[in-house]
Every structure is written in C-alpha cells, then in structure tokens.
Amino acid sequence: MSGPATTGPGGGTDVAAFIRTHLPLREVPGLPGIRLHLATPASRLGRLAAETGSDAPPYWAYLWGGGLALAHHIRAHPDTLAGRRVLDFGAGSGLVGIVAAQAGAARVFAAERDPNGRAALTLNAAANGITVELQEIGPGADAPPVDLVLAGDVFYAPEIAARSLALLTLWQNAGIEVLIGDPFRRDLPLERLRLIAEYEAADFGSGRALTRSGVFRLEPGPS
C-alpha cells in the first residue's frame, strides 16, 4: 500500500525526500566507493512523475553503459582530466561527474534537463562527498566554461542524437575536448568518432548482461 505523498514547504512534492525514501543508495558494480540512489522495483517512479507533472522518462534512476564506460576510463586514466574543468553532459545520476571530481578535476559542472534528475544528481554528489555545479544548457548554447566535456549515452534516439552532435560540435569548434561514452547504439555517429577504449558494462534495459561499450573522442567536423 502506498504511503502519503511527501510534500515540500510549498505544498508540492519534496523530490529529494521521495528519492531518499524510495531509491536507496547502492554501490555501483565495478566502481568501489561510488554510491548512487538507484531504482528498484518498489521505487514508485510513476508516482513521482505524476506528482511532479514530469513527462520525462526517469533515465537518471538507472545505470547506462556509456556512462559506466566513461567512469571506468576516468578511473583508469585520471591524468585525462586532472586539474581540468569538466562538464558531465546529459548527466543523469551524475555518475560521470562524481568520478571526474574524485579523479582530480579542478571543477565539475553537470547538465541534466529533467528537474527530478537534477535533484537526484545533487543527492548523489553529496552522498559521495563531491561538489557538482549544475549548468543550464539550451539548444545552440554558448560553450560552457570548461576544458573537457564528458557525454555519456546521448545518442539513444535519432532526434536526440542529432541535437547532441550539433551542440558537441559547436563546443568542440570553440576549443573544448569532447569524450563520448556509448554501447555502440544505432544512432552513434561513428564517422565523427575515434574509439580510444572499450569496457564491458551493464546497460540500461539489459538486466545484468554485460555490454560492449566504447569511449570515443569526437573528431573535428563542420563549423
């Protein structure tokens, strides 16, 4: 039986309290020391969406192959971002930004469009003793104040893939390095990417099965 709705000071849903109650902190497999609020069959995410009026799928509540690949790559190669300003683009749970901060990034920003996801990301960062700064990113946005963009799982549908590539290309042309993590999905623009590492990781929707996921460097494209 469902309990009473969790409300905030203004009478609306207290998203942070809901996440703490219904999405327990769990250690990320293969990444010792990282704990995230992750969904379980009893998490009632449909109820959270209804109470907050969100029509965005709760992708932030799950682990994705591309993000896991980037996280493993950062841990294996902390020199990739030591002392650099980093943006976790399409951050979801905030996993990639959290690992980047732990690996020595000078400053970590995170861009996540779903308000519920931003609440989860903030909780996850705090649970791991990390500070991550939320960054608002709109279509055609100016380059963020960073040296490196880490983009995990942003090519999962044609329209999303096209928008992501256009924005990442814009930023790359402004002098920002872009690394992408993805389990070789259909809409991944391989013609613009150079594979630099591969990892085995469970992907969203694959259950416990491990999936081949790559870390790619975005190569120069049209301005």
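Helices (H or I, at least four residues) and strands (E, at least two) are DSSP runs, numbered from the N terminus. Axes are lines fitted to C-alpha atoms, for helices over the stretch in contact, and angles run from 0 to 180 degrees between N-to-C directions. The model is predicted: local features need pLDDT of at least 70, side-chain atom pairs count only at pLDDT 80 or more, and totals for chains, interfaces and linings use all residues. Residues are numbered from 1 along each chain as its sequence is written, and side-chain values use heavy atoms, with hydrogens and water left out.

**View 1. Helices α1 and α5 pack at an angle of about 65°.** Helix α1 covers residues 15–22, and helix α5 covers residues 115–127. Their axes lie 9 Å apart. The crossing is right-handed. (A crossing is left-handed if the near helix is turned anticlockwise from the far one by less than a right angle, and right-handed if clockwise.) From α1, the contact uses V15, A16, I19 and R20. From α5, it uses N116, A119, A120 and L123. (Contact means heavy atoms within 4.5 Å.) These residues divide into 6 nonpolar, 1 polar and 1 charged. (Ala, Val, Leu, Ile, Met, Phe, Trp, Tyr, Cys and Pro count as nonpolar, Asp, Glu, Lys and Arg as charged, and the others, Gly among them, as polar.)

View 2. N116 is buried, at 7% relative accessibility. (Buried means under 20% relative accessible area, exposed over 50%, partly exposed in between, with a 1.4 Å probe and protein chains only.) Leaving out residues up to four places away in sequence, N116 touches V15, I19, L48, T52, S54 and W60. A126 is exposed, at 57% relative accessibility. A126 and W64 are 62 residues apart in sequence. From C-alpha to C-alpha, A126 and W64 are 21 Å apart in space.

**View 3. An open sheet is built from 7 strands.** The order is β5-β4-β3-β6-β7-β9-β8, and the pairing is mixed. (Two strands pair if DSSP finds at least two bridges between them.) The edge strands, β5 (133–134) and β8 (193–202), each pair on one side only. Helix α3 (residues 65–76) packs on the sheet and touches β6, β7 (177–182), β8 and β9 (210–218). The direction of α3 makes about 105° with that of β8. Helix α6 (residues 158–173) lies across β3, β6, β7 and β9. Helix α6 runs at about 170° to β3.

**View 4. Strand β3 pairs with β4 and with β6.** In β3, 4 of the 5 residues are buried, so this strand is largely enclosed by the rest of the structure. β3 and β4 (residues 107–111) pair in the parallel sense over 5 bridges. There, V86 has V108 of β4 as its bridge partner. β3 (residues 85–89) and β6 (residues 148–152) also pair in the parallel sense, over 4 bridges. V86 stands opposite L148 in β6, and L87 stands opposite V149. (A crossover is right-handed if, with the strands pointing away from the viewer, the path from the first strand over the helix to the second runs clockwise.)

**View 5. Strand β7 pairs with β6 and with β9.** In β7, 5 of the 6 residues are buried, so this strand is largely enclosed by the rest of the structure. β6 and β7 pair in the parallel sense over 5 bridges. G152 stands opposite G181 in β7. β6, α6 and β7 make a right-handed β-α-β unit. β7 and β9 run antiparallel, joined by 4 bridges. D182 has G214 in β9 as its bridge partner.

**View 6. H72 sits in helix α3.** Setting aside neighbours within four places in sequence, H72 is in contact with G30, L31 and Y199. H72 and G30 are 42 residues apart along the chain. Their C-alpha atoms are separated by 8.3 Å.

**View 7. R44 and D153 have positive phi.** Most residues other than glycine have a negative phi. Phi of R44 is near 60°. R44 lies in the loop between β2 (35–37) and α2 (45–52). R44 is partly exposed, at 32% relative accessibility. Phi of D153 is about 60°. D153 is found in the loop between β6 and α6. D153 is buried, with a relative accessible area of 8%.
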